[in-house]
Amino acid sequence: MGDLHVREDNAETYRDLFGEISREADVLVLTGDLTDLGKPKEAELLAQDLKACSIPVVGVLGNHDYECGAHEEVSRILRDAGMKLLDGQSCEIDGVGFVGVKGFAGGFGRRMLGSFGEPAIKQFVSEAMNETLRLENAMRQVRAKRTMVILHYAPVTDTIESEPLEIYPFLGSSRLAETIDRFKVSAIVHGHAHRGRFEGRTPGGQPVYNVARHIEKPNGKPYAILEI
Ligand SMILES: [Fe+2]
Ligand SMILES: [Fe+2]
């Protein structure tokens with residue numbers, strides 16, 4: 001599940017949902033935008049809710065978790081709560097490899113933003129490329145036969161359909177899919193596109209799931225159950 005967007009007013013608590021997920025699944029995967037504004041106080045509220053989770057929790061941060069410039073403290077709070085927060089690393093849980101990186105924007109296919117022109121554009125593109133290089137390094141570390149890739153940004157357009165076309169380039173980058181397709185993976189999960197579609201594929205045919213909380217899942221719940 002992704003895009004929890006935990007807010008300081010704590011209008012929504014995830015305690016019951018985490019309890020339910022713990023009974024249904026072996027691992028909880030969180031695909032970023034865990035907090036709404038990246039405030040440490042929001043991360044603390046999520047850390048409280050995570051106490052209701054009795055299974056391993058692994059995931060990545062999203063762009064919202066960077067908003068206040070306190071992502072390091074947000075990360076520390078979530079790690080202290082037991083979450084395996086991946087930022088260009090991998091880990092193995094029960095024989096399954098998990099690779100995590102936030103990813104970045106930049107667009108898709110031939111219409112991807114290229115490194116041309118002003119320094120600010122080049123910096124933007126280099127951020128997107130950097131994320132894919134970190135993803136590639138993490139993928140190389142995996143020894144498990146089954147692997148799940150955890151992203152915040154979308155690697156394909158299939159799973160962002162229904163979002164306005166104008167914002168597609170800000171929802172992800174196919175540089176991520178190009179990197180992943182060099183490896184064999186069991187599933188790729190992402191969030192960020194709240195109005196996208198649940199299921200898609202990379203150009204190499206590997207399954208991609210948009211698990212943002214707002215997306216309609218086959219089980220009718222805010223979370224998806226994936227068997228890999
Ligand atoms: Fe979000
Ligand atoms: Fe996001």
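Student: Which residue bridges the iron ion (ligand 2) and the iron ion (ligand 1)?
Tutor: This is a predicted model, in which local features need pLDDT of at least 70 and side-chain atom pairs count only at pLDDT 80 or more, while totals for chains, interfaces and linings use all residues. Residues are numbered from 1 along each chain as its sequence is written, chains are lettered from A and ligands numbered from 1 in the order in which they are written, and side-chain values use heavy atoms, with hydrogens and water left out. The two iron ions lie 3.5 Å apart, and the residue that bridges them is aspartate 33.

Student: What is the site of the iron ion (ligand 2) like in geometry?
Tutor: Donors are N, O and S atoms within 2.8 Å of the metal (3.2 Å for Na, K and Ca); water is not among the atoms, so sites may look incomplete. Asp33 (OD), Asn63 (OD1), His152 (NE2) and His192 (ND1) lie 2.1 to 2.2 Å from the ion. The angles among the four donor atoms are 87 to 152°, and the site is irregular.

Student: Is histidine 192 buried or exposed?
Tutor: Buried means under 20% relative accessible area, exposed over 50%, and partly exposed in between (1.4 Å probe, protein chains only). Asparagine 63, at 28%, counts as partly exposed. Histidine 192 has a relative accessible area of 13%, so this residue is buried.

How values were computed
Four donors count as tetrahedral if all angles lie between 85 and 135 degrees; four count as square planar and six as octahedral if opposite donors are over 155 degrees apart and all others between 65 and 115; anything else is irregular.
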